[in-house]
Amino acid sequence: MPLQSMTGFARSSANEAGAVIAWEVKSVNGKGVEARLRLPPGFERIEAPARQAIQKRFSRGNIQAALTIAKVGLQVQPVVNESFLKDLAGLAKRLEEQFGATPPSADGLLALRGVLELPETIEDEETRAATDAAILTALDSALAGLEQARLAEGAALGELLAGHIDTVELLTHRAEIDPSREPAMIRERITEQVRLLMDASANLDEQRLHMEAAFLATKADIREEIDRLKTHVASARKLLADGGPIGRKLDFLAQEFNRESNTLCSKANAAAVTAAGLELKAVVDQFREQVQNLE
């Protein structure tokens with residue numbers, strides 16, 4: 001299955017029963033799938049099927065969908081609420097007489113809410129059903145466009161993440177083959193450190209000192225961390241190859257990568273290994289940041 005990002009944008013439109021229907025949908029990162037709908041007044045009935053359509057198509061992402069509907073060529077005669085207008089005019093007259101207020105203009109009174117009304121058009125059941133079907137069809141088209149946008153970004157993210165995994169493998173190999181990990185180098189370094197300590201104090205127990213040095217050398221070995229890093233690299237590559245909604249699994253692997261790179265840095269007893277560990281931490285941070293965008 002292809003990878004899918006959680007970010008994208010799409011729009012679609014349709015014409016039905018003298019109305020222009022338009023959807024705009026966008027998606028951003030989210031822990032699960034969450035649908036937020038913005039619908040015109042009177043179209044609340046669309047919310048449930050629209051939400052189901054979104055949840056059926058996507059498994060993660062915060063998805064916002066906005067519907068606009070514009071009537072085309074519809075002539076509606078405005079109605080004046082004369083009783084309300086008369087009351088407002090009388091109130092304005094009293095304010096003028098008692099307080100010297102400026103008398104209102106006719107267009108000012110007509111602009112007040114409730115004075116000028118546009119009657120709602122009444123749709124029959126057949127027209128309403130056809131409009132609803134067109135709305136949901138347009139939504140499905142917009143969601144398909146959003147899915148394609150998310151897939152395109154997902155493909156780009158997959159290449160980027162694969163590059164990060166290659167770098168993790170390279171840095172792991174660099175730490176593994178560093179000369180400081182050769183037994184001869186370790187023995188030489190420990191021997192020199194023991195010699196310096198013995199020269200500094202004649203009261204030290206040489207046998208006990210060698211035992212402690214051997215223990216520290218064993219504790220500083222990074223073989224286990226290197227083996228786990230190799231295993232995580234293989235797991236990450238398999239997940240990318242399988243595709244699908246793998247964002248959570250890759251995020252877990254990113255945490256494991258970070259844990260091993262931290263331990264490697266703390267155990268490192270050579271500058272080259274420490275440098276490789278620090279580079280590894282930087283790459284893992286980039287990897288985890290990009291993984292947050294995957295479904």
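Predicted model: local features only at pLDDT ≥ 70, side-chain atom pairs only at ≥ 80, totals over all residues.
The buried residues of helix α8 are G247, L250, D251, L253, A254, E256, F257, E260, S261, L264 and C265; buried means under 20% relative accessible area, with a 1.4 Å probe and protein chains only. Helices here are DSSP runs of H or I with at least four residues, numbered from the N terminus.

Residues are numbered from 1 along each chain as its sequence is written, and side-chain values use heavy atoms, leaving out hydrogens and water.

The partners of α8's buried residues are α4 (125-176), α7 and α9 (271-291). On the α7 side, E225 lies in that helix, residues 223-242. At 2% relative accessibility, E225 counts as buried. Beyond its neighbours within four places in sequence, E225 is in contact with E260, T263, L264 and K267, where contact means heavy atoms within 4.5 Å.

Let me turn to the nonpolar core, a set of buried Ala, Val, Leu, Ile, Met, Phe, Trp, Tyr and Cys residues joined through side-chain atoms within 4.5 Å. The largest has 30 residues, of which L161, V168, L240, L250, F257, V273 and F287 touch the most other members. Two or more residues come from each of α4, α7, α8 and α9, and α9 gives the most, with seven residues. F287, setting aside neighbours within four places in sequence, is in contact with L161, H164, I165, L250, A254 and F257. A second, separate core of 20 residues includes I21, V25, A134 and L139.

Definitions and conventions: Buried < 20%, exposed > 50% of the residue type's maximum accessible area, 1.4 Å probe, protein only.
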